[in-house]
Amino acid sequence: MSPRARPALLLLTLLQTAVPQGRLPQPSNSGTLVIGVISGIAVCVIILLIGILFIILRKRQASRGAMGQYVLAECE
């Protein structure tokens with residue numbers, strides 16, 4: 001038996017022992033859809049929060065630079 005035939009034979013044996021009725025088990029489509037929608041919404045919310053945090057931090061950094069310029073102007 002060739003090395004390539006072994007994984008295929010093993011997979012065939014596993015499928016035959018796992019599904020004796022001759023049909024593959026079907027996952028519940030509604031459960032998969034709900035998980036997909038929730039995951040998509042979670043990713044969008046995380047990206048939105050990271051964007052808001054980035055904007056806030058960038059504004060703080062800009063205001064620190066401006067404050068430094070005011071302090072230098074007063075010292076001169």
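This dialogue reads a predicted model of one protein chain.

Student: What should I know about the model before reading it?
Tutor: Local features need pLDDT of at least 70, side-chain atom pairs count only at pLDDT 80 or more, and totals for chains, interfaces and linings use all residues. Numbering runs from 1 along each chain as its sequence is written, and side-chain values use heavy atoms, without hydrogens and water.

Student: How many helices and strands does the protein chain have?
Tutor: Helices (H or I, at least four residues) and strands (E, at least two) are DSSP runs, numbered from the N terminus. Here there are two helices and zero strands. Helix α2 spans residues 29-75.

Student: Is L33 buried or exposed?
Tutor: Buried means under 20% relative accessible area, exposed over 50%, partly exposed in between (1.4 Å probe, protein chains only). L33 is exposed, because its relative accessible area is 57%. Of the 76 residues of the chain, 1% count as buried.

Student: What does the UniProt annotation cover?
Tutor: Such annotations may be inferred rather than shown by experiment. The unreviewed entry marks residues 30-57 as "transmembrane region". That stretch is 100% helix and 0% strand, and its end C-alpha atoms lie 41 Å apart.
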